[in-house]
Amino acid sequence: MGQTLTNKILANHLVSGEMTPGEEISIGIDYTLTQDSTGTMAYLQFEALGIDKVRTKRSIAYIDHNMLQSGFENADDHNYIMSVANKHGIYASRPGNGICHQVNLERFGVPGATLLGSDSHTPTGGGIGMLAIGAGGLDVAVAMGGGPYHLTCPEVLNVELTGSLQPGVSAKDVILEVLRRLSVKGGVGKVIEYTGEGVKTLTVPERATITNMGAELGATTSIFPSDEETRKFLAAQGREEDYVPLAADPDAVYDDKIVIDLSELTPLAAKPHMPDNVETVKDIGPIKVDQVCIGSCTNSSYRDLMRVAAILKGKTVHPDTSLTISPGSKQVMNMLAQNGALSDMIDAGARILESACGPCIGMGQSPATDAVSVRTFNRNFYGRSGTPSANVYLVSPETAAVTALAGHLTDAPEALEDLSILDVDMPEEFVVNDNMIIPPAEDGSQVEVKRGPNIKPFPEHHALPNDIKAPVLLKMEDNITTDHIMPSNAKLLPYRSNIPYLAEFCLTPVDETFPERAKAAQSCFLVAGENYGQGSSREHAALAPLYLGVRGVIAKSFARIHMDNLINNGILPLTFVDPAAYDSVDLRDELEIDDLHADVRDKDTFIVKNLSKGATFEVKLAASPRQRSMLIAGGLLNYTRDQAQQSA
């Protein structure tokens, strides 16, 4: 019986455990990445581990999120990251060099290697054949210190691609089709592995678009084979020596499979407010559009923007529509400037933003009140754009560009007379200039780490008490995202290293009174529906609740990264054994769990008393023995310290 590509890479990096789906394994990590939104906390945690120098093949710190410098906070954070990277053996990508996932694909992606990143869209690296996984900052800090990454051994879902895309249809439409079929919960516990003759028709950047948005499926990661297209991409980047051919065995056995005929796809769009709320552009109809934003780590590659430039050339953006374009990297921006494509976009009326995440994370360009914004991004969660009343649609770059010209939603096959203008070849040689990537000091012992006044210690982790009695301070619905739990707009992003300040906004999109009520209660439970914590990997969605005294979250189900982050920070992630029990728990009910250490250590299910109702219900703790020990210790940091002391 043959192996999947996923299992080949996992087996090659296996440190502990048996590769049985559902069982905990640990793997060695070759590379790590951070970005400045999550990086400050990850590096504070790395420093707390007391390790002088990273022990990976290479770790890279990117600055691409918190780019608006309207106060000292972001600039101070950047100085902290650059100096801590210099001291501890980490390469640093300066502001302006580009979005972490785009730059990492261009300059550092290695087929067959493992990559752990403190960003949920780290699976972008799967487009080049990496096993690239998003995780919380503390997991990344441990990996930088040479520790293995622990995960649940995933099932492998095969997406077989046949045929080839029609003109005007792109890779974004492929992943939107996958989301339409599987939903935002459909990838939980799985790796999505792409195979089939259709794979050969997709370039590495197109594959990376698909693996990038695999994060929206809830998947552990997504991966493509490393083949001739991969070799050509690496050769064009001057890195052909990194190429290695990799593929699943012809007789590989998968846990599940779907087939997508690329030739049958038409342009798609995800409607508000969820990436799996997908329909064809034609069926949605020609709705008036106020804003179009092109870019993000999903769709800001050279080929994407060359197609956009071809559509815009010689035309003018509709007078009622604002168009912004964010090239994904300095490399892309340089090449567009050199070949005249940047001029074509500017001439058409596009507003060129810097090579950064920008509007995708609410960092500028918030739409007007009640506006319709069409974006090439990966998420359209409620309020993520910075304007709660806005309606955000997710589309391909081609659909976005023709929509900007028309002033209403349309697609390339409908709007363009000559679709041949979209025939853009990949360059045989990219413009390579790594002068914005700073290597670390040979000897970091004399490097001083710069800490501005906005750098605050992360919350202290306390061992789990043996008995908890606390009220339910929030009862929430399905699909609560990390944007709900810890908002990430332009006003709050500068405070990502200041948990006491951020905590004042924790869960306020759900209930504005929550922070004050939590501080008054000092200890509380949260209750939620399905898929609690989907979205960004931001660890702050666990750290801010920890600071406010959240002891446990009881939900119907959890998103993978957020559940790991809760455990890493000593917060109990409990699921209802009977989902109907969710209806029996109300806001302000007093809950109690006693003899908790024995429950957490030895039991899969245990009893929660609802003192307000005089009733009980069962909950499940889906955690490995290692994670149970972490919870009792008060989180991963305490656990790691305890293990080190025992070893000493």
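This tour moves through a predicted model, from a group of strands to the nonpolar cores and then to the aromatic rings. Residues are numbered from 1 along each chain as its sequence is written, and side-chain values use heavy atoms, with hydrogens and water left out. Because the model is predicted, local features need pLDDT of at least 70 and side-chain atom pairs count only at pLDDT 80 or more, while totals for chains, interfaces and linings use all residues.

**Stop 1: the strands**

Begin by selecting residues 605-610, which are strand β26, together with strand β27, with which β26 pairs in the antiparallel sense over six bridges. Helices (H or I, at least four residues) and strands (E, at least two) are DSSP runs numbered from the N terminus, and two strands pair if DSSP finds at least two bridges between them. Here Ile607 stands opposite Glu618 of β27, and in the hairpin, which has four residues between the strands, Gly614 takes a positive phi near 65°.

**Stop 2: the cores**

Next select Phe617, which is among the residues with the most contacts inside the largest nonpolar core, a set of 103 residues. A nonpolar core joins buried Ala, Val, Leu, Ile, Met, Phe, Trp, Tyr and Cys residues through side-chain atoms within 4.5 Å, where buried means under 20% relative accessible area, exposed over 50% and partly exposed in between (1.4 Å probe, protein chains only). Helix α5 (residues 137-144) gives the most to this core, with six residues. A second, separate core of 59 residues includes Ile60, Leu234, Leu323 and Ala412.

**Stop 3: the aromatic rings**

Which arrangement do the rings of Phe233 and Phe430 have? Their centres are 5.7 Å apart and their planes stand at 70°, so the pair is edge-to-face; rings of Phe, Tyr and Trp (its six-membered ring) pair if their centres lie within 6.5 Å, and planes under 30 degrees apart count as stacked, over 60 as edge-to-face and the rest as tilted. Phe233 lies in helix α8 (residues 228-236) and Phe430 in the loop between α14 (412-415) and β20 (437-438), 197 residues apart, and both are buried.

Finally, select Tyr501 and Phe505, a tilted pair with 5.5 Å from centre to centre and 50° between the planes. Tyr501 is partly exposed, at 34% relative accessible area, and Phe505 is also partly exposed, at 28%.
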